[in-house]
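Please have the model in view as we go.

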Amino acid sequence: IPAILLLGALGFAAYNLLLNYGEQKVDAGLASFIINTSPFIAVVWMVAKKDEHLAKADWIGLIISLVGIAVIIFSKNRSFSVNIEALLILLAAICQGIYFVLQKGLLKRYKALELTAYSIWAGTIIMFFFTDQPFTELANADTEHLASLIFLGLFPGSIAYLIVAFVLSKYKMSNFASYLFLIPFIAVFTGYIFLMIKLSFSSSRN
């Protein structure tokens, strides 16, 4: 139970709080590049525990990626002072990386669907204490916001985490991490598509 509560606290509560606060001033494309450090954090942890092994080429790719993330974080800041919002997103990535490692170990005992469900409910219970009159706000929310909440909870939330759990139950962390390189490109492309749709809808109304 403590391990599952920790999964909920790191992978859902802390991750989403830090990411949402960070994304108030960091765009989705940049945020996705920063959050993409999470699988590397997980891989390094697994290697340190001697649960996995990386070849020399893998280490080179890891270092280049981390340097690239650092450049992205500080590229928009000419004074090179700390960007608080970007660091919050980096902390979210660290939480998610630890979540992946803990999840990998627990998947030896639980099925992917079981562990995902337990983690989501644990995170939901924790997040409930950060809400202000949630039932009243939901009752007064318009259709657009409710649809957004359902979409976020279902697709990038429940389904995505279930797929991750299923993959981690069958493959090494390093194999899983390589595919997450696609996240920033998908985020930027999706943001562009939504922007074009919004602009087209606005122009048609005018």
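Predicted model: local features only at pLDDT ≥ 70, side-chain atom pairs only at ≥ 80, totals over all residues.

**Helix packing around α5**

α3 and α5 are oblique to each other, and that is because their axes cross at roughly 45°. The axes of α3, residues 38–48, and α5, residues 84–106, come within 7 Å, and the crossing is right-handed. On the α3 side the residues that meet α5 are S38, I41, A42, W45 and M46, and on the α5 side they find A93, I94, Q96, G97, I98, F100, V101 and K104. Sorted by class, the residues of this contact divide into nine nonpolar, three polar and one charged.

Let me stay with α5 and move to another partner. How do α1 and α5 run relative to each other, roughly parallel or roughly antiparallel? Helix α1, residues 2–22, has an axis that comes within 8 Å of that of α5, and the two cross at roughly 160°; since an angle over 145 degrees counts as roughly antiparallel, α1 and α5 are therefore roughly antiparallel to each other. Their crossing is left-handed, whereas that of α3 and α5 is right-handed. From α1 the contact draws on A3, L6, L7, L10, G11, F12, A14, Y15, L18, L19, Y21 and G22, and from α5 on E85, L88, I89, L91, A92, C95, Q96, I98, Y99, L102, Q103 and L106. By class, that gives 19 nonpolar, four polar and one charged residues.

The next partner of α5 is helix α8, residues 143–168, which packs at an angle of about 50° with the axes 10 Å apart, so that α5 and α8 are oblique to each other. Here too the crossing is right-handed. In this contact Q96, Y99, F100, Q103 and K104 of α5 meet Y161, V164, A165 and L168 of α8, and by class the residues are six nonpolar, two polar and one charged.

Now to the pocket. Which residues lie nearest the centre of the second largest pocket? They are F40, L54, D58, S174 and S178, out of 14 residues that line the pocket, whose volume is about 240 Å³. Helices α3, α4 (56–75) and α9 (173–179) each supply at least two residues of the lining, and by class the lining has seven nonpolar, five polar and two charged residues.

Finally, I would point you to Y110, which sits in the loop between α5 and α6 (112–128). Leaving aside residues up to four places away in sequence, Y110 touches I4, L115 and Y118. Y110 and S169 are 59 residues apart in sequence, yet their C-alpha atoms are 9.4 Å apart in space.

Definitions and conventions
Residues numbered from 1 in each chain as written. Heavy atoms only, no water. Axes fitted to C-alpha atoms, helices over the stretch in contact; angles between N-to-C directions. Helix = DSSP H or I, 4+ residues; strand = E, 2+ residues; numbered from the N terminus. Parallel < 35°, antiparallel > 145°, perpendicular 65-115°, else oblique. Left-handed = near helix turned anticlockwise from the far one by under 90°. Contact = heavy atoms within 4.5 Å. Nonpolar A, V, L, I, M, F, W, Y, C, P; charged D, E, K, R; others polar. 1 Å grid on protein atoms, 1.4 Å probe; cavity = no way out; pocket = protein on both sides within 12 Å on 5 of 7 lines; lining within 4 Å. Points joined across faces, edges and corners; volume = space filled by probe spheres on them.
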